[in-house]
Structures are given as structure tokens and as C-alpha cells.
Amino acid sequence: MPYQNFTGKFGGLIIEKKPSSADIKAKNRQLIYHFIRENTSVSKQDIVFGLQLSLPTVTQNLQYLVEKGLIDNSEKIKNTGGRNATAYTYLPSARAAIGIYMTEHHMNGVAVDLLGNEMERIRRRIQFNLEDDAYLRELGALVMEVKKNAGIEDEDLLGVGIAVPGLVSDDGESVIYGLTLNFTGKTLEEIAKYIPYPCQLCHDSYVAGYAEVWESREIQNAFYLSLSNSVGGSLMIDEELYVGDTHKSGEIGHMIIVPHGGKTCYCGKKGCLDTVCNAGELDRYTDGNLEAFFKLLEQGDHRAHELWSEYLDYLAIAVVNIRILFDSYIILGGYVGAYIDDYMEDLCRRVDERFPFDDKAGDYLLPCKYKVEATAAGAAIRYVDEFLETI
Ligand SMILES: [Zn+2]
């Protein structure tokens with residue numbers, strides 16, 4: 001076997017296998033596929049010049065991709081002089097994935113294509129209850145409905161990601177911490193009993209954060225702060241999730257913000273960020289309706305303004321702490337993150353007042369891109385990503 005030995009950065013011996021011709025072939029195919037994906041529609045010459053590959057290599061791979069139904073070659077590129085060249089066009093819906101997000105009161109399902117575009121979205125109000133077979137059947141029915149409405153064939157479905165408000169084992173097979181809804185220990189086999197496709201469980205904050213930075217050119221390092229009925233987070237380093245040694249990385253909801261006299265958190269401790277920045281701190285004032293809260297706030301309601309100001313102060317402290325630790329972008333997501341665009345200036349000012357260095361929050365603090373169903377979309381995107389890496 002052709003091995004290459006050299007000493008690694010930290011002194012250890014690194015043994016690296018030289019790429020085989022099959023590896024190179026696969027790599028070229030990937031390069032060509034991604035080139036077409038990024039440029040939407042290109043000629044063979046564009047690929048030859050763009051990637052500096054030989055014509056036979058490009059021809060052979062294009063043929064393969066057409067046969068697999070991943071690109072289209074039925075159109076011509078209109079040319080002013082000479083022959084019209086064949087257009088090789090990306091087919092985003094050649095494959096698709098489904099993502100489900102189960103929360104206390106809802107079951108949300110989306111289908112996404114290979115570009116991460118939402119093909120279908122269904123939101124259903126239903127009480128979370130994994131002990132009830134009818135609930136599990138409903139979950140299976142939701143997947144089938146999303147799939148049917150999105151027009152996805154069995155052979156084109158990459159898989160179903162199931163996001164839960166809890167921590168999940170590395171292999172996506174079981175829930176290792178589901179305290180908010182009391183479902184620690186539940187397995188994928190039990191949960192996905194009525195879903196006849198490849199499935200995996202995912203931690204909600206992780207996949208929501210992943211959806212936000214996925215394919216973003218400017219963001220390599222980011223902390224995603226999820227401000228929903230509970231507060232969570234996830235850390236992306238070099239565009240990869242950092243889950244930590246025991247899968248609790250980013251559990252920012254339990255960072256202590258009010259050390260003296262704080263409210264009791266669902267984790268049992270006092271003064272956690274969750275107790276001051278969960279969406280309930282705001283929408284308790286409007287009977288659980290967050291939209292109504294922000295409407296009142298917009299109309300200048302005094303009490304809404306007080307609650308919001310207090311909320312922003314705590315959020316600013318959290319942002320400062322996160323920025324100090326990671327020196328990265330910070331993305332505000334979740335239910336509250338979806339409304340925060342109009343209040344970014346105010347929040348940035350509160351952050352800057354507390355921050356010891358020159359960095360301006362306006363340069364690193366961002367509202368989320370996905371205003372709805374980031375979590376379900378993220379659960380699906382993990383399958384898309386896997387597919388794109390192995391084509
Ligand atoms: Zn806590």
C-alpha cells in the first residue's frame with residue numbers, strides 16, 4: 001500500500017494514504033457536480049476552463065451525472081456566434097430530505113431540496129406525548145403528507161431528520177437528555193415506529209444553527225442562540241458543529257445570569273439565562289401569543305416596553321459573554337429571533353455599552369435568516385449535506 005509518513009504538527013507520526021485513482025475519480029465528479037450546482041447552468045467548456053480538467057474527464061462525469069438524473073442536458077446555451085452548446089443544468093429537486101420538529105404543542109414538517117429550499121411545510125397543533133401510539137402514528141402520517149405534497153418519490157428521499165428539544169446521542173439513535181418534556185432515554189426506534197424511511201434524531205438547537213450557517217460564505221465560526229420557549233444554543237467552528245465531550249456544548253440556557261435571587265430554572269438551578277430570556281417571559285403578558293406581544297410593543301404599550309427592555313438587557317449580557325468566549329458571529333434565532341430585526345440597533349447599543357473591546361455588535365451580531373422552521377429545515381439539511389459530500 002502506498003503510504004506517506006511524516007511528522008504531524010504536534011510531533012506525532014501521521015500516516016496518510018495516498019489517494020487512489022478511484023479517489024481522484026470521485027473527487028473530480030464531486031468538483032464537477034458542485035461547479036454546476038454553484039453556477040446553475042454551464043457548458044462543457046465552462047467546466048473544462050473553470051476546473052482545469054481534461055475534456056474526456058469532464059465528458060465522462062457529465063454522462064454519469066445525467067444518467068443518475070442529477071443534472072439536465074436537454075437545453076442549449078444560446079450563442080451569438082457558432083454552434084449552440086449543450087447546457088448542463090443543476091436539478092435541485094433530484095433528491096430531497098424531510099425534517100420534522102416536535103415541540104410541546106406542535107409537530108412541524110418540511111421538505112427541502114438539494115439547495116436547501118423549502119418545498120413544503122406543514123405545522124400541526126398536537127400535544128407532545130411519545131407514550132401515546134396515536135401521537136407516533138400522527139408523526140408517521142405527517143411525514144407521508146409532507147412527502148406527497150412535495151411530490152417526492154421514494155427513491156429520491158434521502159432521509160427524515162427528527163429534531164427534538166433535547167440532547168441526542170452521537171449516532172442519532174437515542175435521547176440522552178430530554179428534561180424539558182421528560183423523554184430522556186427514548187430511542188429512534190420507538191419514536192420513528194411509523195416512518196418507513198432512514199431516520200435520525202437531532203438536537204433542535206444544533207440543527208437550527210447548522211441551517212443558519214450552512215453554505216454561508218462569510219460565516220465560518222458562529223454561535224447560534226435559540227430564543228424559544230426554552231433557550232438553547234450551538235457552536236459552529238470552521239462550519240462544523242462543535243458538540244463537546246459530552247454533547248452539552250452550547251447549552252447556554254443554563255449559563256447563570258442572575259446569581260442572586262434568580263428564578264428557578266427547569267434544570268433545578270437558579271438564575272439561568274433560560275429563566276430570563278425564554279419567549280414566555282414576553283408572551284406571558286399576551287396569553288402565550290408572541291406575535292400579539294410584538295404588536296403591543298410596536299403600538300407603544302408601556303408594560304410591553306418594560307418587559308422588552310428588561311429582556312434585552314439580559315440578552316445583551318449573554319451576547320457579551322458569548323462574544324468574549326468565542327470571538328465569533330452570534331446569530332439570534334428561535335421564536336424571539338424571528339422578530340428581532342427591528343430591535344437590533346437597540347440591542348447592539350446595549351451590548352456595546354457592556355463590551356470591553358473595540359468590536360461593534362453591529363458587525364458580529366446577526367438576526368436569523370430562517371424566520372420559520374429553521375429547526376425542521378436543519379434536520380433535513382443534514383441529509384442533503386451528507387448526500388452532497390458523498391456523490
Ligand atoms: Zn437551568
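A residue is called buried here when its relative accessible area is under 20%, exposed when over 50%, and partly exposed in between, using a 1.4 Å probe and protein chains only. Strands (E, at least two residues) and helices (H or I, at least four) are DSSP runs, numbered from the N terminus. This is a predicted model, in which local features need pLDDT of at least 70, side-chain atom pairs count only at pLDDT 80 or more, and totals for chains, interfaces and linings use all residues. Residues are numbered from 1 along each chain as its sequence is written, and side-chain values use heavy atoms, with hydrogens and water left out.

Let's start with strand S14, residues 231-237. Six of its seven residues are buried, so S14 is largely enclosed by the rest of the structure. Two strands count as paired if DSSP finds at least two bridges between them. S14 pairs with strand S13 (residues 222-227) in the antiparallel sense, over six bridges, and Ala-222 stands opposite Met-236. Three residues separate S13 and S14 in their hairpin. On we go to strand S15 (residues 240-242), which runs antiparallel to S14 and is joined to it by three bridges; here Ile-237 has Glu-240 as its bridge partner. S14 and S15 also form a hairpin, with two residues between them, and Asp-238 in that turn has a positive phi of about 50°.

Now for the open sheet. Its five strands follow the order S8-S7-S6-S9-S12, with mixed pairing. Strands S8 (118-125) and S12 (199-203) stand at the edges with a single partner strand each, so one side of each has no neighbour in the sheet. From one strand to the next the twist averages 20°; axes are lines fitted to C-alpha atoms, for helices over the stretch in contact, and angles run from 0 to 180 degrees between N-to-C directions. Within the sheet, S6 (residues 96-102) and S7 (residues 106-113) run antiparallel and are joined by seven bridges, with Ile-98 opposite Ala-111. Helix H4 (residues 133-150) packs on the sheet, touching S6, S7, S8 and S9 (157-164), and its direction makes about 150° with that of S8. Helix H6 (residues 204-213) lies across S6, S9 and S12, at about 90° to S12.

Finally, let's visit a pair of helices. The axes of H1 (residues 21-39) and H14 (residues 374-390) come within 9 Å and cross at roughly 130°. Where they meet, in contact meaning heavy atoms within 4.5 Å, the H1 residues are Gln-30, Tyr-33, His-34 and Arg-37, and the H14 residues are Phe-387, Leu-388, Glu-389 and Thr-390.
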